[in-house]
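Reader: I would like to learn how to read a model like this one. Please take me through it feature by feature.

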Amino acid sequence: MDDVRRGVPRTDSLLADPRLVAAAARLGRPTVKAAVLAAQQRVRGGTLPAAAVADSVLESLPVTATTLRAVLNATGVILHTNLGRAPLSAAARQALVVASGYVDVEYDRDTGRRARRGRGALSALRAAAPAAQDALVVTNGAAALVLAATALGAGREIVISRGELVEIGDGFRLPDLLTSTGARLREVGTTNRTTLADYSSALGPDTGFVCKVHPANFRMQGFTAAVPTAQLVGLGLPVVVDIGSGLLAPDVSLPAEPDAAGALAAGAALVTASGDKLLGGPQAGLVLGQQGYVDQLRRHPLARALRVDKLTLAALEATLRGPQPPVRAAVVADPAGLARRAEALAEALRRGGAECAVVPSEGVVGGGGAPGVLLPGWAVALPAEAARALRLGSPPVIGRVERDRLLLDLRCVPPEEDAAVRDAVLAVVLAAAPAPTSGS
Ligand SMILES: *Cc1c(COP(=O)(O)O)cnc(C)c1O
């Protein structure tokens, strides 16, 4: 009654507005109804005219049914874990759409019978890593290592160097991951130096395997020693190498980064890696290696719990078979090209009245890859105060604050989005400080 007197439009008549019906079909009725109730409340509070309710609801609705927002990564950090690590290639994005409906992921259309799940992705993986006799895909790199530790080490000892007991981020530590499987760690050597004799004197009837972990997120310099995979293989026990980054073959631009081909050629029984680091694909854990060991992991009950979905398989296959993924383009981005794009952006911003400068900026691989490798490039520097508004803008632009300046490094921004960065910055900077009236 009160609402009618104050002219608050009724919920059911608002929800019958064709524009809101369409929105409900896209976003779900509860989301639209919640927005309607909020708008009605504003009418009651006197902050919204009754006639504007439907428009206001439409404006307040999200674009999609997910709260995840696509952002432009102008941090210069290629594998930014907080921003979802590797952005997928157009081919992989398209594959995701194909796989999102009914799809023959585990079905042979010829015979009408069950087929090997993910056979397309697995054959692409074997083709990309010919040194592997077989391959397996699980949910992430940590899962690949846990599966290997469970299948080959549970109830036994895993021999590992003290220099490789790594924390991978967010408080998760590989030694804890390994022992969570019921395996015991037999730590050998010291933080900075481990020798072949350290390993050989630790081997015994209880040894399940020798584990070699790439310290992917830090670098040790000075009085150090580590044992190459080939020498560990000579000890006569299976060697599992966690390379982390997912490079399948050596990369000339990242010479210190280990790759699967190298570890397999050295005789590793298994190599484990992430799909969404330098490989540039979806989150996944890759297991590559000798037939018998891959079979042992595949048949372990835990493998079923770590199985990947059809979306991952589709995106992984398209990453492996398709064109160069964005991660690769960002690693090899030419500094002169980055300078030209930064100059063009700065010039457009200045024309629009924003104060800025082009400054050198060092990009990094990030996400636990290529520690210490600095990728020379350029950034547009803005006042640090703009950072939050840009993060909250549309599209959101995430920069890097360094020495009280906000740096926008275009290394990880697709060139076709440069204009979107420009518009987002102009909207924010000019809203905060209107352009001077005379152009001096
Ligand atoms: C990143 C990394 C992991 C963890 O892989 P996720 O895919 O993030 O689970 C394990 N080991 C190493 C050496 C890594 O670099």
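Author: Start with contact: two residues are in contact if their C-beta atoms, placed from the backbone, lie within 7 Å. Helices (H or I, at least four residues) and strands (E, at least two) are DSSP runs, numbered from the N terminus. This is a predicted model: local features need pLDDT of at least 70, side-chain atom pairs count only at pLDDT 80 or more, and totals for chains, interfaces and linings use all residues. Residues are numbered from 1 along each chain as its sequence is written.

Reader: How many helices and strands does the chain have?

Author: The chain has 19 helices and 17 strands. Among its contacts between residues at least 6 apart in sequence, 75% join residues at least 24 apart.

Reader: Into which domains is the chain divided?

Author: Domain bounds come from an automatic or database domain assignment. Here they give domain 1 (2-60), domain 2 (72-81 + 329-432) and domain 3 (89-323). Over C-alpha atoms, the centres of domain 1 and domain 3 are 52 Å apart.

Reader: Which residues of helix 6 are buried?

Author: A residue is buried if 20 or more other C-beta atoms lie within 10 Å of its own, exposed if 12 or fewer, and partly exposed in between; C-beta atoms are placed from the backbone. In helix 6 (residues 90-99), Ala92, Ala95 and Ala99 are buried. Seen down the axis of helix 6, these buried residues fall within an arc of 55° (of the directions from the helix axis to the C-beta atoms), so they line one face of the helix. On the other side, Arg93 and Val97 are exposed. Helix 15 (310-321) is included in what covers the buried residues of helix 6.

Reader: Is strand 9 mostly covered or mostly open, and what does it pair with?

Author: Six of the seven residues of strand 9 (residues 207-213) are buried. Two strands pair if DSSP finds at least two bridges between them. Strand 5 (residues 157-161) and strand 9 run parallel, joined by four bridges. Ile160 stands opposite Cys211 in strand 9. Four bridges also join strand 9 to strand 10, again parallel. There, Lys212 stands opposite Val241 in strand 10.

Reader: Which residues surround the ligand?

Author: A residue is near a molecule if its C-beta atom, placed from the backbone, lies within 6 Å of it. Among those around the ligand are Asn140, Ile168, His214, Asp242 and Ser274. Helix 8 (141-153) and strand 10 (239-244) are the elements that give two or more residues to this shell.
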